[in-house]
Amino acid sequence: MSWRIAVGGIEHETTTFIPDLTPLENFSRRTVRGDSLLERGDANTIVDGFVKGVGQCGMQVVPLLWAKGDSGGPASRDTFETLAHDLLNCLSQSLPVDGVLLSLHGSFAAEGFDDGDGEILRRVREMVGPACPIMAVHDLHSNISSQMVEMADVLMIERTYPHVDMAQRAMETAHLMARTLAGEVRPTMAYRSLPLLWAAPKMIDAEAPMSDAVMQLTRFDEKPGVLSASIGVGYQWIDNPLVGASTIVVTDDNRSQAAELADELAGWIWDRRADWQRESLSPESALQLGEEAGGYPVVLADQGDNTGGGAPGDSTEILRLFLERDLQQAAVLYMIDPEAAELVHAAGGGTTVDVQVGGKSHPLLGPPVAMQAEVLSLSDGCFTYDGPMWAGVKADLGKSALLRQRGVHVIVTSRPAQPIDLAFARTLGLDCRQMRYICVKSTGHFRSGFEPIAGSIHNVDSASLLSQDFFQLPYTRLGRRMYPLHDDASVDWARC
Ligand SMILES: [Zn+2]
């Protein structure tokens with residue numbers, strides 16, 4: 001009889017700088033459970049990679065549930081308990097299992113739990129006992145805790161940004177599960193948390209210095225006795241003591257080697273701590289840089305209003321700039337504004353409407369822009385991504401529209417999403433390749449779809465709730481001196 005491997009997950013990237021709690025509906029909208037997990041095809045997600053990898057190894061998938069919420073404020077205690085209970089209930093009905101594979105973001109917090117992922121791992125461990133291997137894969141933007149490391153046998157972290165290696169990392173983990181159950185290896189894990197805030201534009205793995213960090217991982221993979229090595233760049237828009245970059249090394253039954261190598265990798269990162277920082281850049285300066293570079297479209301990444309990180313996605317600063325400059329062949333992707341979407345849907349395609357666009361979620365992101373907009377096209381928001389990151393993944397952005405005032409186009413959606421490829425714009429009739437100026441409310445993932453068409457790319461700093469300038473974030477609970485906030489931040493390399 002083949003080994004029975006439970007597969008499931010709860011994923012949420014939590015920011016405490018967004019005032020609203022994330023409700024249960026945010027998760028339940030996209031929850032997949034039971035056999036439906038097996039029938040999803042070949043999407044590039046961690047759970048789909050688990051399913052594929054378990055099958056490749058001749059093991060049996062025992063599907064639990066996969067609940068993925070859009071990034072946002074902390075889950076309420078009720079939401080957390082409902083999700084955790086649901087997952088544990090699926091697991092208890094599936095027992096006995098030989099191993100557990102979980103997709104956990106790595107920066108999930110809820111009311112009462114700074115370490116939501118660690119708490120889920122703790123409860124799963126309690127249920128399956130100490131002998132059953134538990135392995136998890138996390139987003140690159142994870143804050144790893146000692147509880148997470150203690151409760152799991154293997155934690156593996158994605159290596160790419162934009163994230164494109166979800167299924168690959170998951171398959172590797174599934175293969176490691178098979179080798180573990182076969183008695184070929186005994187995974188032994190150590191980690192090191194660094195007091196380091198890592199700037200998002202310096203996480204792009206296609207460019208130095210992040211490409212050097214990924215090369216280090218490849219070097220570590222090849223060391224004798226190493227089963228897996230990971231770097232977590234951290235998720236910085238959450239105010240709790242877990243924030244920070246980290247390293248994880250899993251060896252074959254050698255605890256001291258795992259600890260030494262986790263520290264060696266962490267030391268390599270810490271020695272280069274200034275390399276992971278960046279200067280801030282205004283949208284105006286970015287436009288100027290783009291003109292000087294001369295390639296089009298000039299892409300401005302409005303990174304502080306990235307809905308992928310939990311921001312509201314309705315900041316109007318760059319839309320206003322585009323209109324004031326009277327830019328031609330310009331587009332803003334996407335303005336999250338259900339009220340405006342409703343209004344233009346009621347007016348109908350082909351009409352010209354007076355509509356207040358964006359700037360409604362928070363005073364810092366406004367005021368709304370009063371547009372006299374042509375309604376070029378309307379959509380129910382359903383489409384399928386076709387770029388390298390999420391090809392084949394279906395999405396529903398709710399009532400959406402393509403608006404235009406003079407040369408400036410805006411795609412308004414009802415649900416939050418960051419533009420990661422050209423597919424949704426195309427369904428509305430907007431060919432991004434024909435634009436000269438594009439604003440994307442995204443930090444890095446947009447590159448997967450937009451880099452091939454961009455003349456130049458500039459991550460800019462507009463007024464935002466999720467500022468990329470760490471000095472602007474209202475931290476109160478970090479609990480340690482952190483670089484670059486404190487020049488005297490240091491690492492205590494001693495281990496108990
Ligand atoms: Zn991420």
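Colleague: Which helix holds L176?
Modeller: Residue numbers start from 1 along each chain as its sequence is written. The model is predicted: local features need pLDDT of at least 70, side-chain atom pairs count only at pLDDT 80 or more, and totals for chains, interfaces and linings use all residues. Helices (H or I, at least four residues) and strands (E, at least two) are DSSP runs, numbered from the N terminus. L176 falls in residues 166-181, which is helix α6.

Colleague: Is L176 buried or exposed?
Modeller: With C-beta atoms placed from the backbone, a residue is buried if 20 or more other C-beta atoms lie within 10 Å of its own, exposed if 12 or fewer, and partly exposed in between. L176 has 25 C-beta neighbours inside 10 Å, so L176 counts as buried.

Colleague: Leaving aside neighbours within four places in sequence, which residues is L176 in contact with?
Modeller: Contact requires C-beta atoms, placed from the backbone, within 7 Å. Leaving aside its neighbours within four places in sequence, L176 has as its contacts M135, V154, P187, L227 and S228.

Colleague: How many residues does the largest nonpolar core have?
Modeller: A nonpolar core is a set of buried Ala, Val, Leu, Ile, Met, Phe, Trp, Tyr and Cys residues joined through C-beta atoms within 7 Å. In the largest such core, the residues with the most contacts inside it include I5, V7, I134 and V249, and the core has 101 residues. Its largest share comes from α6, with 8 residues. At least three residues come from each of domain 1 (4-276) and domain 2 (283-467), within a total for this core of 101 residues.

Colleague: How far apart are the C-alpha centres of domain 1 and domain 2?
Modeller: An automatic or database domain assignment supplies the bounds, here 4-276 for domain 1 and 283-467 for domain 2. The separation between the two C-alpha centres is 31 Å.

Colleague: How many residues does each domain give to the contact between domain 1 and domain 2?
Modeller: The two partners are domain 1 (4-276) and domain 2 (283-467). Domain 1 gives 20 residues to the contact, and domain 2 gives 20 residues.

Colleague: Are α3 and α4 roughly parallel or roughly antiparallel?
Modeller: Axes are lines fitted to C-alpha atoms, for helices over the stretch in contact, and angles run from 0 to 180 degrees between N-to-C directions. Angles under 35 degrees count as roughly parallel, over 145 as roughly antiparallel, 65 to 115 as roughly perpendicular and the rest as oblique. Helix α3 (residues 77-94) and helix α4 (residues 116-128) have axes that come within 11 Å and cross at roughly 30 degrees. That angle makes the arrangement of α3 and α4 roughly parallel.

Colleague: Which residues of α4 make the contact with α3?
Modeller: On the α3 side the contact is made by F80, A84, L87, L88, L91 and S92. On the α4 side it is made by G116, I120, R123, V124 and M127.

Colleague: What is omega for the cis peptide bond that joins A208 and P209?
Modeller: Most peptide bonds are trans. P209 sits in the loop between β7 (187-193) and α7 (210-221). The bond joining A208 and P209 is cis, with an omega of about 5 degrees.

Colleague: What is phi of D326?
Modeller: Most residues other than glycine have a negative phi. D326 is in the loop between α10 (317-324) and β11 (330-336), and is exposed, with 11 other C-beta atoms within 10 Å. Although D326 is not a glycine, its phi is positive, at about 55 degrees.

Technical notes. Contact = placed C-beta atoms within 7 Å.
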